[in-house]
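Have the model open as you read.

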Amino acid sequence: MTILDRLDGGASRDGDDLIAGSRIEDARIHNRRLVFETIFQRGPISRVEISGIVGLKPQTISSITRELLEQELIVEAGRSSGLRGQPQIYLEANAEAGWSIGVHLDQNHCSILAFDLRRQERGRLSLRLDTRSPAAAVRALSTAILGLLEENGQPVDKVWGIGLVLPTFGSDVYDFDFSIQHWDAWRDASFAEELQQLTGMPVLVENDATAAAIGERIHRPDAGEATFVYYYVGHGSGAGVIIDGYPFKGVGGNAGEIGLLPVPGIPANPVWSNGTADSREQAPSPLSLEGLAAACGVEEASLSDQLVDHMLTIRDHRLMNWLAHAANVLRDVTAIIEVMYDPGFIAVGGPLPRAIVERLVDRAYPLRPTPAARHDRSLPRLLPAKLIEDAAVTGAAMLPIFVNISHNFRHLYFRQLLSDEGSDDAQ
């Protein structure tokens, strides 16, 4: 029985809780996933609490949770004590029901992270590889993943999938060349299919900003935090847009490509100049790892947390100048995002050190006046993300779980899912 069979194959037939206009099967799947998603995000949680959150009748909740317990997707996690009435049984996801693997592939470097269904880290790897060759990189990656599973005694069929995160690539469908320097060879490579064949596991592919946003969303289960933008600063910058709890990708999957905006202080994208390969050799964006390293006069590989902490302690003038310049750019980008998407908040993260992100956010204030400046806000307009340094690989590890448990499964969109089919129906 597959993971989707276990999540979607319940026997509940509570007609009163069906969604108007849906088929009975879809309504049952929706309800089961909704209950499991709530337990996954908020557990340990009681049936009464689940009912209050999702709006299904108590008997429906009891029926669904009984089936999930029988299928060992959830477990009991204790009982309430000292309360009036019958003690409540708390439920949570079964950590041993499966693993999810995240891969963040960056230039000549790869991070691999394995989670169980309690979101507990079960394995981590960091390796150097030659990303100029997709075939060699994918082979090395598959060997590392299978080795990690073997080392931990975890069979392949217990893995829900692999989330693979790497930069957005150019495509012949566009009028301009949007390919990224160093990644040209990946444009037409069937790397997801090859990784699936080598490992025997489903593969989902996303860009780093959207994956980080999904990871941030799972770490923010509150319904009031379901619409936001994750501003990702790495080798360049991008935005992951979450609307009503789900990633918004746009018609071509390119929503949030902030790095292409002609924002003052950010060098013009090469496709706006002469479009040649040589034109991609340009000054780095200030809102990037390269921009930070160049401003501080060091190689990017030397940009350690220890060095940054020391420079902050002595208030190194190079770092202070970079913070002032980058904060001005962030202030402009924040205004653009707020006017376009009206998010509940904008979270800043990425591979930058946390201390840098926190100071960058502080320096961006006061923000420009936009309709986002309201007296009834519960969160700041701009804030450091909960997931910062590990955001991309953590979000990658959440992708297979997010797709499998999402109750809104008919409306998910990913840039590439197994065979380039843009919906979860490919699974």
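## A negative patch

Which helices each supply at least two residues of the negative patch? They are helix H9 (305-313) and helix H11 (354-364). This is a predicted model, where local features need pLDDT of at least 70, side-chain atom pairs count only at pLDDT 80 or more, and totals for chains, interfaces and linings use all residues. Residues are numbered from 1 along each chain as its sequence is written, and side-chain values use heavy atoms, leaving out hydrogens and water.

The surface patch gathers Asp-305, Asp-309, Glu-358, Asp-362 and Glu-389. Patch residues have over 30% relative accessible area and no salt bridge, with like charges joined within 9 Å. Glu-389 sits in the loop between strand E13 (382-384) and helix H12 (391-405).

## Salt bridges

There are 14 salt bridges here, each a side-chain nitrogen of Lys or Arg within 4 Å of a carboxyl oxygen of Asp or Glu. One of them joins Glu-206 and Lys-249 at 3.2 Å, N to O. Glu-206 is in strand E8 (residues 203-206) and Lys-249 in the loop between strand E11 (246-247) and helix H8 (289-296), so the pair ties together parts 43 residues apart in sequence. Glu-206 is buried at 0% relative accessibility, and Lys-249 is buried at 3%; buried means under 20% relative accessible area, exposed over 50%, and partly exposed in between (1.4 Å probe, protein chains only).

Asp-130 and Arg-132 also pair up, at 3.0 Å from N to O. Asp-130 is partly exposed at 33%, while Arg-132 is exposed at 58%.

Technical notes
Patches are made of residues with over 30% relative accessible area and no salt bridge: like charges are joined within 9 Å, nonpolar side chains (Val, Leu, Ile, Met, Phe, Trp, Tyr) within 5 Å. Accessible areas come from the Shrake-Rupley method with a 1.4 Å probe; for residues, only the protein chains shown count as cover. Lys and Arg count as positive and Asp and Glu as negative; His and the chain ends are not counted. The place of a charge is taken as NZ of Lys, CZ of Arg, CG of Asp or CD of Glu. Helices (H or I, at least four residues) and strands (E, at least two) are DSSP runs, numbered from the N terminus.
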